[in-house]
Amino acid sequence: MSPTQWDFPVELCCRPMAFVTLTGLDVVYNAVHRAVWDAFCANRRADRVPISFKVLPGDHEYPKCRPKRTSYEWYIPKGILKTGWMNKHLNLVPALVVVFYELDWDEPQWKEKQSECATRVEIVRQSLQGRNTKVAVVLIQKKTPLPPGEDVTASERAAALCNACELSGKSLFVLPHTDHLVGYIIRLENAFYEHAQTYYYTEIRRVKSHKEFLNKTTHQLLFVRHQFKIAFFSELKQDTQNALKNYRTAYNLVHELRAHETNILEIKTMAGFINYKASVTYPNPDPLETQTGVLDFYGQRSWRQGILSFDLSDPEKEKVGILAIQLKERSVVHSEIIITLLSNAVAQFKKYKCPRMKSHLMVQMGEEYYYAKDYTKALKLLDYVMCDYRSEGWWTLLTSILTTALKCSYLMAQLKDYITYSLELLGRASTLKDDQKSRIEKNLINVLMNESPDPEPDCDVLAVKTAQKLWSDRVSLAGSGVFTIGVQDFVPFVQCKAKFHAPSFHVDVPVRFDIYLKADCPHPIRFSKLCVSFNNQEYNQFCVIEEATKASEVLENLTQGKMCLVPGKTRKFLFKFVAKTEDVGKKIEITSVDLVLGHETGRCVVLNWQGGGGDAASSQEALQASRSFKRRPKLPDNELHWDSIVIQASTMIISRVPNISVHLRHDPPALTNEMYCLVVTVESHEKTRIRDVKLTAGLKPGQDANLTQKTHVSLHGTELCDESYPALLTDIPVGDLHPGEQLEKMLYVRCGTVGSRMFLVYVSYLINTTIEDKEIVCKCHKDETVTIETVFPFDVAVKFVSTKFEHLERVYADIPFLLMTDLLSASPWALTIVSSELQLAPSMTPVDQLESQVDKVVLQTGESASECFCLQCPSVGNVEGGVATGHYIISWKRTSAMGNVPVISTAVTLPHVIVENIPLHVNADLPSFGRVRESLPVRYHLQNKTSLVQDVEISVEPSDAFMFSGLKQIRLRILPGTEQEMLYNFYPLMAGYQQLPSLNVNLLRFPHFTNQLLRRFIPTSIFVKPQGRLVDDTSIAAA
């Protein structure tokens, strides 16, 4: 026989639950059916009815029902209980078969659907083959049904469906597929449970009805079988009291069986089965059970309900009841329940942003894990909340949490955690008493000496024994163990501050800084090593203090020694080193400070401060100290108040102080585009020769990008700078200088735009010097800056005038006009205009030779020089924006400039001018002046500028100052492109500046041609001299 045959069968050990099958559900391809099935079987809580569900097809073949016996007279049983009977009623024969069918009350094809549903129910009944299994129908509907009585159609169709399916009204259910599906499912489960109860009650009665046919002579086995079946059905019915009663009866009947070696194994097996069933059921009478199964009044004991007397009527029953409660309570794991509730509360307070309540509950969860002996989770939770209590300064709460965490780390023999929590419990944030701190300090040193620490108080005895074995294993594995603990996230018992003596050091001066340490533990303690690390690791070797001590001397009461710290006393350690010349201009930072407790050959703790020191409480303490108005007590001269020490973890290495002078000489302001001279004078005041002197000069970096593009620097002033020249000349070698020697360098700057510019002159050199008996090469530098204003050398004004010097808004095609330029000197220095040039656009032509009229002219400040050019513009049609005139180029330089300085050419773009065509041009030929009573001939030339024949009406209006002869009024025609001449003789009557007779012209084809336009071309006045005297006049002769 295999060993498994001696084990209890699974169906005997499991909890019997009512078996219900569900048909008509397609849980694979139908999402609605799948959701219904998930609601039945998923996440079943303890408060839901005990039912075992299974989905089967509608035509599933259930186990066949044997024909019922009417008599047991000649029946001889072959055994007590068949092996498959319990499994059959647990998993094969259902108490209820539920037919699911999708059908709404307003289904259009109601008759066909009703018939199909009835057919499915009939198939289920046939497959049950005469069993007492109940059948129910559940209609899956899309809509939520109306309250009973309100939907008449639903009531009528429900009754018709019950008749067609041969069901009672209690076996028809409706399941709306809505958002409240789970609620409807739970209500269905309760109804299914009632049907199953009825089925098992019927089965119990059926089995009991067989007793009247049995006799104890031949049917002893059947008595045991039937009693077991009744008890099992009672369990399926969840009637534990009757189940226990019938199991005990069956057990007694087993004892009455005639035993023989052929059946002794069967009798023992059934006795074991029945005894097991009776033992897992509650004792009877169970003091915690009531007759009705529920309490009549909340809060009363089940064994004395309704008794209001203060005196116990049955002390023995009271004792048994309390023992039963205690027995039941021992099986409950309270920590799991508490942790679950606390976890839900944490989630709630986290959701509504209550961080302090969340932290408080997490502490309670950690303590509960500690009571449950799950020390890993306890440490994880407690360590998480410590940060909040440290940052807010809740030192009493933090001490309590640290104490629990220390117990957890001890019980798990976690070395690093134990050391970390001990360091903090010894510190200033701990509120423990000195005797408790002394115990912790002693345990810490024992751990560092590879010895087991003493147990923490108030720990579980069994857990302490386990922990002592773990610590013994740690001790047996003796070896080097270095624990580096970063203190920036907690508050250790040692404080550290680093402070450089100055924010910067010259490279030829040793770098000095102090490390301040202060211990807060109850007893003096000796450390073995102090080392400082920098961002440049080459300096680390110079900043180490080490003291050789024995492990047993760590806690000895010695106040002497380099590394001994006395509680409450500030200890200062001075360090110095020589900076490297490569670090000039760089920042030297203290990246960490390490303080070693113990010995690196054995176990030791390295306290690591990031930067210049400080821990989790330092920033808050510094803020409080800055706000405090308390007067600090006076200390001896060699001691400092800890709060008065300010961390300064970085310093700059700057170059050696230069001992040279740099002077700049120039004549501001600079003029646009000129080669501006800047003289740099460098003189050495060093005591030894300086070498590799270099000059960097030009526009100071960091200014506007436009200035950089329009500024060019050169060392040669004889040629103009172009775009290829840089704005800054770098590292110009100028050789060596001896003490007292000086040199000059001339720079030429060309500024293309006006405005202020800052120029930099940077002189660097090398010199040998000695520091701390070490010779180094220092690179020194000195810079000077100067702001130079750049201005325009002159202003150029341009205007267009007629030949009568009248201002013109526009010019007329083929009609001469004058271009006048005016140069106004804006320079504070004298300017020499070397020459000027007029470069005309192709659309312009000169009337006469274009020559400069301002060559070699010297202009002082505010002086101006003018030029006049006669031009004309041919007809170019209608050009939008006017016609380009050309450029006016002035060549100039400072009068004071040397002869080799190049001449600057400034090009001025001349304005565009609007050109118009006129139909008729009139010009006059007349003398420059007239004389009284002397004939003054005047010729008027009329030129047709169009391609049409012009009809011209001409009239002359007389003047009081003149008599004239000629056609006073005439009408004539002028052919295209031809000219007509009109001759008049004017006879002046008066001297002075007189108005000429007015010529009026009227063009019949061009009525807009006005006399006002005509007067732009012909003179309207002339100067008339008085009548002259004869040469032989006596007065003249006398003269």
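How many bridges join S38 to strand S46? In this predicted model, three bridges link S38 with strand S46, which spans residues 1021–1025, and the two run parallel. Arg931 stands opposite Lys1025 of S46. Both strands belong to an open sheet of three strands in the order S38-S46-S44, and the pairing in that sheet is mixed. Strand S38 (929–931) and strand S44 (992–995) are the edge strands, each pairing on one side only. On average, neighbouring strands of this sheet are turned by 40 degrees against each other, with direction ignored.

Another open sheet is built from four strands, with the order S37-S39-S43-S41 and antiparallel pairing. Its edges are strand S37 (920–925) and strand S41 (962–965), each of which pairs on one side only. From one strand to the next, the twist averages 25 degrees. Within this sheet, strand S39 (residues 936–944) and strand S43 (residues 979–988) pair over eight bridges in the antiparallel sense. Strands of a sheet pair through backbone hydrogen bonds, and the pairing is either parallel or antiparallel.

The next topic is the nonpolar interior. In soluble globular proteins, nonpolar side chains tend to be buried together. Here the largest nonpolar core has 120 residues, and Phe513, Ile515, Leu530 and Phe534 are those with the most contacts inside it. Helix H14 (residues 395–412) gives the most to this core, with nine residues. A second, separate core of 40 residues includes Ala18, Tyr200, Ala231 and Ala250.

Apart from its neighbours within four places in sequence, Ile515 is in contact with residues including Cys496, Lys497 and Ala498. Its contacts also include Leu530 and Val532, along with Arg571, Lys572, Phe573, Phe575 and Val593.

Trp609 lies in strand S16 (residues 603–610). Why is Trp609 counted as buried? Its relative accessible area is 0%, and buried means under 20%, so Trp609 qualifies. Leaving aside neighbours within four places in sequence, Trp609 is in contact with Val487, Val494, Gln495, Cys496, Thr591, Ser592, Val593, Leu595 and Gly614. The C-alpha atom of Trp609 is separated by 116 Å from that of Asn985, and the two residues are 376 residues apart along the chain.

The buried residues are Leu415, Tyr418, Ile419, Thr420, Tyr421, Ser422, Leu423, Glu424 and Leu425. What covers these buried residues includes helix H13 (375–392), H14, helix H16 (434–448) and helix H17 (461–476). Strand S6 (481–486) and S16 are also among the covering elements.

Lys893 lies in strand S34, which covers residues 886–894. Does Lys893 sit buried or exposed? Lys893 is buried, yet it has no salt bridge. Glu674 is the nearest side chain of opposite charge, and it is 11 Å away.

Methods. Residues numbered from 1 in each chain as written. Predicted model: local features only at pLDDT ≥ 70, side-chain atom pairs only at ≥ 80, totals over all residues. Heavy atoms only, no water. Pairing = 2+ DSSP bridges. Axes fitted to C-alpha atoms, helices over the stretch in contact; angles between N-to-C directions. Core = buried A, V, L, I, M, F, W, Y, C linked by side-chain atoms within 4.5 Å. Buried < 20%, exposed > 50% of the residue type's maximum accessible area, 1.4 Å probe, protein only. Contact = heavy atoms within 4.5 Å. Lys, Arg positive; Asp, Glu negative; His and termini not counted. Salt bridge = Lys/Arg side-chain N within 4 Å of Asp/Glu carboxyl O.
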